[in-house]
Amino acid sequence: MVGGGGVLGAAHVGVGYALEQRGFVPDMIIGTSVGALNGAIAATHPGRAARRLDRVWTHARRREVFPLGYLSSRASLFADHGLRRLIAEAGLPRRIEDLAIPFTAVAMDLVTGAQVLLDHGDLESALLASAAIPGVLPPVDREGRTLVDGGVIAFVPVLAALRAGAASVVVLSTGPSSGPPRPAVTPWRARAVAGRAGLLLLQHQIERDLREVAEQIPTVVLPTGIETWPAPWDFSHSRRLIHTASRAAGRFLDGLRVDGPGLYRAGGPPVTSPALSMSRTAVGEAGR
């Protein structure tokens, strides 16, 4: 599963290098937010997408991805023509069914709050919907529904992978929400209180979903090794994120042993079976 928000998605490229170098090719890819774009590119070029993604992230600039623009609906801070251009330049097929690997982009119905799994039809609108951060990028009207970023309801869409019949999941996660909640010491001003509460809410959602799925199938969360995350719109950090994540994920994979259902991640209990011998579903979060 693949996800991320803005430049944080560059960490997936580093993890992708580590996976490809070890011969990992997923049977299915489920992506949320910008991770849906990364996932679609990976689904177009199985086993050789990391270098293409590297070029996307190291050449991207804030003014191109998040261009300020006036929208007549006033539904967002940014127009989406920068993201549309990024999708067009990625050389993707027009329809989801034409991807080489089965792919699903996760979005949320803004009217009902329901999770929407986009696994067929127009690929561009699916990617735009999955990446439509509420208030930041405009909602997408698709098949009679108004859709926004799926990370609102499924930051790490492992439940979607389980329902799709995955025998195991490999999670590519990004941002400060990637791991369990950590204690924080900070001056408790209004902004800090709101930010901390939002982060804890998100982390608890992620942990709940991961543990529910891990009770039934092997669930591997790949580390990025990144301690300091930039703002999602600061693309000057792409190269650092890629290199750091590649090293951290590679070290983890080289020591990984999977032995049945469970949650496998850095700092977890040791296990003892052949690494990555499972059916391979890649799952990504929608890190902000």
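Trp 57 and Phe 235 are both buried in this predicted model. They also form a pair: the structure holds 1 aromatic pair, and the ring centres of Trp 57 and Phe 235 sit 6.0 Å apart with the planes at 10°, so this one counts as stacked. Where do the two partners come from? Trp 57 belongs to helix 3, while Phe 235 is in the loop between strand 7 (218-222) and helix 9, so the pair links parts 178 residues apart in sequence.

Helix 3 has another link to that end of the chain. Helix 3 (residues 50-59) packs against helix 9 (residues 238-255) at an angle of about 145°, and their axes are 8 Å apart. Here's who makes the contact:

| Helix | Contact residues |
|---|---|
| Helix 3 | Asp 54, Trp 57, Thr 58 |
| Helix 9 | Ser 238, Arg 239, Ile 242 |

Sorted by class, that contact comes out at 2 nonpolar, 2 polar and 2 charged residues.

Now for helix 2 (residues 34-44). How many of its residues are buried? The count is 10 of the 11, so helix 2 is largely enclosed by the rest of the structure. Among the buried ones are Val 34, Leu 37, Asn 38, Ile 41 and Thr 44. What do the buried residues of helix 2 pack against? Their partners are helix 1 (10-21), strand 1 (28-32), helix 3, helix 5 (81-89), strand 2 (103-109) and helix 6 (123-130).

Conventions. Residues are numbered from 1 along each chain as its sequence is written. This is a predicted model: local features need pLDDT of at least 70, side-chain atom pairs count only at pLDDT 80 or more; totals for chains, interfaces and linings use all residues. Side-chain values use heavy atoms; hydrogens and water are left out. Axes are lines fitted to C-alpha atoms, for helices over the stretch in contact, and angles run from 0 to 180 degrees between N-to-C directions. Helices (H or I, at least four residues) and strands (E, at least two) are DSSP runs, numbered from the N terminus. Contact means heavy atoms within 4.5 Å. Ala, Val, Leu, Ile, Met, Phe, Trp, Tyr, Cys and Pro count as nonpolar, Asp, Glu, Lys and Arg as charged, and the others, Gly among them, as polar. Rings of Phe, Tyr and Trp (its six-membered ring) pair if their centres lie within 6.5 Å; planes under 30 degrees apart count as stacked, over 60 as edge-to-face and the rest as tilted. Buried means under 20% relative accessible area, exposed over 50%, partly exposed in between (1.4 Å probe, protein chains only).
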